[in-house]
Amino acid sequence: MRLLHTSERAMERWATNVRRYLLPVRPGRGEVVAALLRQCDDNALILGRQRIVVPNAFVVEVPPEVHRQLCDNPLPVAPVLVHQVCRHAAEQGYIFAGPVVVDLRPAPGDTPARFRVHSRVSPAGGRS
């Protein structure tokens, strides 16, 4: 019984650490969320007054081990990240060319970075 309790606590610690890595913490924002919002701000296209288009298709490359852990987690992370991007866009007055999509992928094995974010503008009904 003690072994079960110990492994359960280890799983809880692991899940908490992974969520802190990707999602916002109480006072500030998580690193990945901050990177997604920075992609919106840095790649904004001003088309006219009251019309600023920002990227809506994001790829977040995480280390393969983290990606495996996220895939095993029953609570999906991508919808939470999409919500954060949409909320930021609403606050800034940004618009999207299509639906917002965040895709979590494993990074290539030789990548030393903790995570990498790529973004692009993808029109509605366009191919991914």
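This is a predicted model: local features need pLDDT of at least 70, side-chain atom pairs count only at pLDDT 80 or more; totals for chains, interfaces and linings use all residues.
User: Is glutamine 50 buried or exposed, and what is its phi?

Analyst: A residue counts as exposed over 50% relative accessible area, and glutamine 50, at 76% relative accessibility, therefore counts as exposed. Although glutamine 50 is not a glycine, its phi is positive, with a value of about 60°.

User: What is the order of the strands in the open sheet of three strands, and which strands stand at its edges?

Analyst: The open sheet has mixed pairing and runs in the order β1-β2-β4. From one strand to the next, the twist averages 45°. Two of these strands have a single partner strand each, so one side of each is left without a neighbour in the sheet, and these edge strands are β1 (45–48) and β4 (94–96).

User: In which sense do β2 and β4 pair, and which residue in β4 stands opposite valine 53?

Analyst: Strands of a sheet can pair either parallel or antiparallel, through backbone hydrogen bonds. Strand β2 (residues 51–54) and β4 are joined over three bridges, and the sense of their pairing is parallel. Opposite valine 53, the residue in β4 is isoleucine 95.

User: How far apart are the end C-alpha atoms of helix α4?

Analyst: Helix α4 has 15 residues (residues 78–92), and at 1.5 Å a residue it should span 21 Å. The model agrees with this expectation, because the end C-alpha atoms of α4 are apart by 21 Å.

User: Which residues in α4 are buried, and what arc do they cover around the axis?

Analyst: The buried residues in α4 are Leu81, Val82, Gln84, Val85, His88 and Ala89. They lie on the same side of α4, because the arc they cover around the axis is only 160°.

User: Is histidine 67 buried or exposed, and which backbone oxygen lies 3.2 Å from a polar atom of its side chain?

Analyst: Histidine 67 lies in helix α3, and at 16% relative accessibility it counts as buried. The backbone oxygen that lies 3.2 Å from a polar atom of the side chain of histidine 67 is that of leucine 104.

Note on methods
Residues are numbered from 1 along each chain as its sequence is written. Side-chain values use heavy atoms; hydrogens and water are left out. Helices (H or I, at least four residues) and strands (E, at least two) are DSSP runs, numbered from the N terminus. The expected span of a helix is 1.5 Å times one less than its number of residues. Buried means under 20% relative accessible area, exposed over 50%, partly exposed in between (1.4 Å probe, protein chains only). The arc is that of the directions from the helix axis to the C-beta atoms. Two strands pair if DSSP finds at least two bridges between them. Axes are lines fitted to C-alpha atoms, for helices over the stretch in contact, and angles run from 0 to 180 degrees between N-to-C directions. A polar contact is a pair of N or O atoms within 3.5 Å; within protein, one must be able to donate a hydrogen and the other to accept it, and residues adjacent in sequence count only if both atoms are side-chain atoms.
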